[in-house]
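Hi,

Here is the structure I said I would pass on. Have a look at it first, and then read my notes below.

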Amino acid sequence: MRKILIVGAGQGGLQLGLSLLGVGYDVTIMSARTPEEIRAGRVTSTQCMFWPSLQIERDLGLNLWEDLGPKIVAQGLTVAASPGTAAFDFIGPWDDFAQSIDQRVKMAGWLELFESRGGKVIYHGVMTSDLAGLASLYELTIIAAGKGELVELFDRDASRSPYDRPQRMLSAIYVHGMTPVPEHPEPYVRITAFPGIGELFYMPGYTTTGACGILLWEAVPGGPLDCWDDRPGPQEHLDRTLRMMREYAPWEYANCVDAVPTDARCTLVGGYAPVVRHPVGRLSATELVLGMADVVVANDPVTGQGANNAAHCAAIYHESIVGHGDRPFDADWMQRTFDDYWAYAGHVTAYTNMMLGPLPEHVQRVLGTAAQNPVVAHRFAYGYANPTDFQNWLMDAEKADAYLRSVTPGA
Ligand SMILES: Cc1cc2nc3c(=O)[nH]c(=O)nc-3n(C[C@H](O)[C@H](O)[C@H](O)COP(=O)(O)OP(=O)(O)OC[C@H]3O[C@@H](n4cnc5c(N)ncnc54)[C@H](O)[C@@H]3O)c2cc1C
């Protein structure tokens with residue numbers, strides 16, 4: 001069977017490796033870290049995944065934590081008028097549940113599963129200089145190494161990358177001890193938008209120590225929420241988060257008063273420029289590599305799409321590899337494979353980049369209407385799981401207004 005090398009053991013690389021292994025491919029994954037190191041390492045994401053992505057995993061028998069993790073049934077949005085004051089809010093129910101399984105739990109477990117199903121793993125942090133020698137041993141080499149240094153193999157696509165610097169500074173913490181909201185006791189994601197300065201996310205998750213809550217600030221650089229450069233330890237990170245919540249979102253603070261950090265490495269601080277890259281990397285005149293998931297499309301997490309994108313990317317690449325039979329994996333095939341993925345990811349990128357800037361007036365009208373009309377609230381929430389739907393209404397002022405008229409009685 002065809003020999004495939006995948007560099008990077010994250011959502012994209014492991015899902016693809018496991019799916020190809022399942023149909024008889026000879027797959028080797030190179031991972032910078034062992035399962036033990038991943039479990040004991042720092043959190044990497046808030047990784048909320050929606051039901052179409054979870055179904056992809058379920059179909060591959062990869063839903064190992066489905067019964068353990070909280071089933072997230074809805075998405076709430078509060079838009080703040082000023083610090084501490086809400087202008088309006090709404091909750092959009094989802095058609096099926098989402099889940100956030102800490103990538104430390106999931107990737108460590110998937111690596112072990114990959115090995116137990118007969119996959120080969122080489123534990124080695126790959127350098128660009130290693131790759132030419134390695135790639136010549138395989139029929140296809142895929143780079144799934146996230147936002148690490150190997151992205152330098154792939155040129156930035158300026159026409160699809162409107163930003164050249166981070167649009168948000170990120171700070172996340174995993175906690176135990178959050179209190180359910182009495183009016184909505186079932187697990188749901190809560191987003192608070194502070195126009196001009198950033199967002200606060202809360203999502204229920206499952207981590208190395210069991211069920212947890214995850215709090216993520218998305219701070220506009222230079223604004224008042226951008227105060228994490230000192231990379232505080234977990235307790236100071238939580239104390240600062242609580243102080244900021246009390247000032248900016250007291251309705252969220254009320255649910256967090258008993259929170260404690262889950263573990264010593266439960267925080268994350270950073271930021272990156274959203275970028276789309278050309279998918280074909282050239283190691284030599286004859287040796288090519290194909291980029292996948294965050295390597296080629298790295299959006300800001302403000303819309304919670306990156307792990308979902310990686311799941312879709314892995315599924316699309318799988319189909320393209322298997323459908324190609326025994327033919328050579330040349331540059332044209334690589335470009336076509338990425339183009340199939342871009343047909344999905346392009347919509348996510350457009351939507352995410354729009355949500356990073358000042359919200360267009362028609363989007364403000366949509367959100368304001370969603371606070372009055374549950375049909376609109378539902379469609380907005382539905383789009384997070386099915387982002388290609390946004391092209392049919394939200395991404396275009398005329399289409400959005402026509403939709404709002406169609407669902408507003410008497411309009
Ligand atoms: C704060 C934050 C919150 C987020 N929240 C969400 C969310 O709620 N929902 C969502 O869908 N997405 C979210 N994302 C995005 C999501 O985490 C990523 O898009 C997703 O994990 C990308 O998967 P990947 O497989 O491309 O890369 P990664 O998950 O980054 O995996 C890459 C792997 O490659 C390894 N690696 C790197 N370099 C090398 C090397 N040289 N050699 C060998 N191995 C290497 C890394 O160690 C890692 O294991 C969030 C991201 C952040 C930062």
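**What I found around the ligand**

Helix H1 (11-22) and helix H8 (306-323) each give at least two residues to the shell around the ligand. Keep in mind that this is a predicted model.

The biggest share of that shell comes from H8, with four residues. In total, 32 residues surround the ligand, and the closest are Gly-12, Ser-45, Thr-46, Val-126 and Ala-307. What sort of residues make up the shell: how many are nonpolar, polar or charged? They divide into 15 nonpolar, 16 polar and one charged.

Now for the polar contacts, if you want to zoom in. Thr-46 puts a polar side-chain atom 2.7 Å from a nitrogen atom of the ligand. Asn-308 also uses a polar side-chain atom, which sits 2.9 Å from an oxygen atom of the ligand. As for cover, the ligand taken alone exposes 1000 Å², and the protein buries 88% of that.

One more thing to look at is how H8 sits against another helix. Two packed helices are described by the angle between their axes and the distance between the axes. For helix H3 (residues 51-59) and H8, the axes come within 9 Å and cross at roughly 45°. H3 and H8 are therefore oblique to each other. The crossing in which H3 passes H8 is left-handed.

Cheers

Terms used:
Residues numbered from 1 in each chain as written. Predicted model: local features only at pLDDT ≥ 70, side-chain atom pairs only at ≥ 80, totals over all residues. Heavy atoms only, no water. Near = heavy atom within 4 Å. Polar contact = N/O pair within 3.5 Å; in protein donor to acceptor, adjacent residues only side chain to side chain. Areas by Shrake-Rupley, 256 points an atom, 1.4 Å probe, with all protein chains shown as cover. Nonpolar A, V, L, I, M, F, W, Y, C, P; charged D, E, K, R; others polar. Axes fitted to C-alpha atoms, helices over the stretch in contact; angles between N-to-C directions. Parallel < 35°, antiparallel > 145°, perpendicular 65-115°, else oblique. Left-handed = near helix turned anticlockwise from the far one by under 90°.
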